[in-house]
Amino acid sequence: MVIHSNLLAEGLDDILHTVLSGGDDELLVINPTAETVEALVSVATAFDGDLPTVRVVADDTLLKGVVDDFIVASNAADLVDEGVLSLKTGVGSEENSLIVTEDAVLALVTTDDRVAALATDDEE
């Protein structure tokens, strides 16, 4: 499934499940919030099917804070061990969280009660 339109959901879990189900072999998540990393680990751990390889590039302090939670750290370690997840540091002061698939770039936008993934694609 190629994502050609914006996604709107009540929570990050729904958006992340849709993106993970998209059929891409690899996803790149850039500058996620702590909530996004925690949701990604949770959704990927419970995912029923073949997961794409997910590479996360985030701020060092953010990743350290997220893995302070034992359950999140344990589940993330299992995903890393399976070769599904990679966590890297190196993001500066970018303002938006992005998910990059083979065919689209999604900007995550969160409000009080909704989450949107604004999509753009390369039709070539």
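**View 1. Overall chain.** Read along the sequence, the protein chain runs β-α-β-α-β-α-α-β-β-β-β. That gives 4 helices and 7 strands, where helices (H or I, at least four residues) and strands (E, at least two) are DSSP runs numbered from the N terminus. The model is predicted: local features need pLDDT of at least 70, side-chain atom pairs count only at pLDDT 80 or more, and totals for chains, interfaces and linings use all residues. Residues are numbered from 1 along each chain as its sequence is written, and side-chain values use heavy atoms, with hydrogens and water left out. Of the 124 residues, 36% count as buried; buried means under 20% relative accessible area, exposed over 50%, and partly exposed in between (1.4 Å probe, protein chains only). Among contacts (heavy atoms within 4.5 Å) with a separation of 6 or more, 73% link residues 24 or more positions apart.

**View 2. Strand β2 and its two partners.** Strands count as paired if DSSP finds at least two bridges between them. β2 (residues 26–30) pairs with β3 (residues 53–58) in the parallel sense, over 5 bridges. V29 has V56 as its bridge partner in β3. Between these strands the chain passes through helix α2 (residues 34–46), and this β-α-β crossover is right-handed. Right-handed here means that, with the strands pointing away from the viewer, the path from the first strand over the helix to the second runs clockwise. β2 also pairs with β5 (residues 97–100), antiparallel, through 3 bridges. There, I30 has L98 as its bridge partner.

View 3. In α1 (12–20), the residues L12, I15, L16, V19 and L20 are buried. Seen down the helix axis, the buried residues of α1 fall within an arc of 130°, so they line one face. The arc is that of the directions from the helix axis to the C-beta atoms. G11 lies in the loop between β1 (7–9) and α1. G11 is partly exposed, at 21% relative accessible area. T110 is 99 residues from G11 in sequence, yet the two C-alpha atoms are 8.8 Å apart.

**View 4. The largest nonpolar core.** A nonpolar core is a set of buried Ala, Val, Leu, Ile, Met, Phe, Trp, Tyr and Cys residues joined through side-chain atoms within 4.5 Å. The largest one has 28 residues, and L16, L20, V54, V56, L85 and I99 touch the most other members. α2 gives the most to this core, with 6 residues. Buried residues of α2 are T36, V37, A39, L40, V41, V43 and A44. V56 contacts V29, P32, V37, L40, L85, S86, L87 and K88, leaving aside neighbours within four places in sequence.

View 5. Is D25 buried or exposed? D25 counts as exposed, at 59% relative accessibility. D25 sits in the loop between α1 and β2. Beyond neighbours within four places in sequence, D25 contacts P52, T53 and E102. T101 sits in the loop between β5 and β6 (104–110). T101 counts as buried, at 10% relative accessibility. Beyond neighbours within four places in sequence, T101 contacts V19, D24, E26 and L27.
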